[in-house]
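Try each task yourself, then follow the worked solution.

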Amino acid sequence: MTTAAYAIPGPIRARSSTLRRMDPGGLSDEDLLEQVATERDSEAFAVLYRRYSRAIYSLVQRVLRDHHAADDVSQEAFAAVWRAARGYRRERGTASAWLFAIARNAAVDATRARVPLVVGEAPEVPDHGPLPEAMAIAEMEAFEVHVAVDSLPDREREVIELAYYSGLSQTEISDRLSLPLGTVKTRTRTALARLSDVLEERGVTR
Amino acid sequence: MSDHDDFDRVEQILRSVPAPTAVPPGLADVAREAALGGAGADRRSVVAVARPRVPRFRFRFARLSAGVAVMAAAAAAALVIGVGGRGSPFDAQTSLALAGPTGASATVDFGAANQGTRPMLVRIHDLRPAKAGWYYEMWFNVRGDEVSAVTFNTSSSGEATVRSAISSDMHWGSCWVTLEKVGGPDPGRVVLRST
C-alpha cells in the first residue's frame, strides 16, 4: 500500500551562495514586483511571499480578528498580488505600500462582506477611538516593522522576537536558546542597528 | 544621534506595534497555488516546480491537511498532500536510485517532457519520519549549483510518495536528500544519496 506523502511543494530555493541565476532573493521589492508583472516569474513571487507573508497575514488578521477568515483572505491577497502586479507603478510609490494596500483592501472587503450593513440611528455617544486615518497609519507602520524584522538574519530575528514580542529578558533568552549572555547582547545590538537602517529606509522614522 | 538614542528609538517602535501573527504552515503553498494556479500557459518555467496532484484545492482542505501533518510530527512547514496509488502516473523515461546509511532508499522516476516541465515521482522507503520542526528536502546538483526540488516528510512506516516536476531542460549530476530544520541554517545532514 502506498502511504500518503507529506509533500511540501517546492520552496524552490537554492543554497544561498551557490545559485545566482535563479535566485531573485537579492532584488528589491520593486524589482520583484516588476518581474512578476512582466515575466510572470513565480520565483520572484515566492521571494515576495517570503518577505511579506507574515506582515500581510498579521495585518489581515488584525483587521478581521478571525484566524480562519484571515487564512482565506491572505490567500486571496496573494492571488491579487499575482493578478494585479501589472498595475503596479514604481513612480507612484513603494512596492511595500502597494502590497499593504492590496492586503488591507482584501481584508476590508472581507469585513464588509461579513457584516451586513444595517441602517439605524446615529449613536448618542461619540466614538472616542482612533480616527480611521490614524488607524491606517498605525497599521502601515506595524506592517513595515514586521517586514523589517522578517528581513533580519534568522539568529538576529530570533532574539528580537523573544525580547520584544515574547517579553523575555536577555537572561531568559540566553537560557531559552542555550547561548552565552554576551552572545545574546551582541546579537540584539547588531539586530537593533540593522533594524534602525531598515526602518529608516522603509520610512518608519518616528 | 548616538547609537544609544538610535537603539532607544528602535526599541520604542518595536514595543509600539503588535506582535506579528504566525503564518499557518500550509498558507505558502495554498497562496502560491491560488496565485499561480490560474496562470496556466502564462506561467514561466523554473528549474524545479513542485506540482501537487490536485492542482487547485480550497484552503479548508489545506488547513485540515496541515493539521494532520503537525499531528504526524511532520515538518512545521508541511502541507499534507496524499499522492496515493501504487503505480507511476506516467511512463518513466529515466529513473535514479538513492540509498542511505541506515537502509533507507528512494527511487525517482522522470516522465516525458511536456510544456517545459518533466514529471517526477519520488518514492521513499524506510526513512524514519522527521520529528516536529524538521523535514526532508531533495536536492539536485545542476552544473555545480544545489537546487532544491521538493520537500517532504515520511509516514510513520517510513514511506513517502511525492509527485513533483522539474524543468524539462534541467540536467543534474547527482541527487541527495537532506534532513533540514525549519528555519535552520543550511546545509542539512545528508540522509540519502544517489547511487
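**Exercise 1.** Find what share of the contacts in chain A with a separation of 6 or more comes from residues 24 or more positions apart.

*Solution.* Start with the term: two residues are in contact if their C-beta atoms, placed from the backbone, lie within 7 Å. Residues 24 or more positions apart make up 60% of the chain A contacts that have a separation of 6 or more. Before going on, note that this is a predicted model, where local features need pLDDT of at least 70 and side-chain atom pairs count only at pLDDT 80 or more, while totals for chains, interfaces and linings use all residues. Residues are numbered from 1 along each chain as its sequence is written, and chains are lettered from A and ligands numbered from 1 in the order in which they are written.

**Exercise 2.** List the elements of chain A in order, and say what percentage of its residues is buried.

*Solution.* Helices (H or I, at least four residues) and strands (E, at least two) are DSSP runs, numbered from the N terminus. Chain A has 8 helices and 1 strand, in the order β-α-α-α-α-α-α-α-α from the N terminus. A residue is buried if 20 or more other C-beta atoms lie within 10 Å of its own, exposed if 12 or fewer, and partly exposed in between, with C-beta atoms placed from the backbone. Of the 206 residues in chain A, 41% are buried.

**Exercise 3.** Explain why Val47(A) and Ala28(B) count as buried.

*Solution.* Val47(A) belongs to helix α2 (residues 42-64) of chain A. Val47(A) is buried because 22 other C-beta atoms lie within 10 Å. Ala28(B) sits in helix α2 (residues 27-36) of chain B, and Ala28(B) is buried because 20 other C-beta atoms lie within 10 Å. Neighbours within four places in sequence aside, Ala28(B) is in contact with Tyr49(A) and Ser53(A).

**Exercise 4.** Work out which residues touch the most other members of the largest nonpolar core.

*Solution.* A nonpolar core is a set of buried Ala, Val, Leu, Ile, Met, Phe, Trp, Tyr and Cys residues joined through C-beta atoms within 7 Å. The largest has 62 residues, and Val60(A) and Ala103(A) touch the most other members. Its largest share, 14 residues, comes from α2(A). Not counting residues up to four places away in sequence, the residues that Val60(A) touches include Ala70(A), Val73(A) and Ala103(A). A second, separate core has 27 residues, among them Leu98(B) and Met138(B).

**Exercise 5.** Trace how strand β5 (residues 134-142) of chain B is paired with β8(B) and with β6(B).

*Solution.* Two strands pair if DSSP finds at least two bridges between them. First, β5(B) joins strand β8 (residues 174-181) of chain B through 8 bridges, and the two run antiparallel. Here Tyr135(B) has Glu180(B) in β8(B) as its bridge partner. Next, β5(B) and β6(B) pair in the antiparallel sense over 7 bridges, with Phe152(B) in β6(B) as the bridge partner of Tyr136(B). These two strands form a hairpin with 2 residues between them, and Arg143(B) in the turn has a positive phi of about 50°. Finally, 8 of the 9 residues of strand β6 (residues 145-153) of chain B are buried, so β6(B) is largely enclosed by the rest of the structure.
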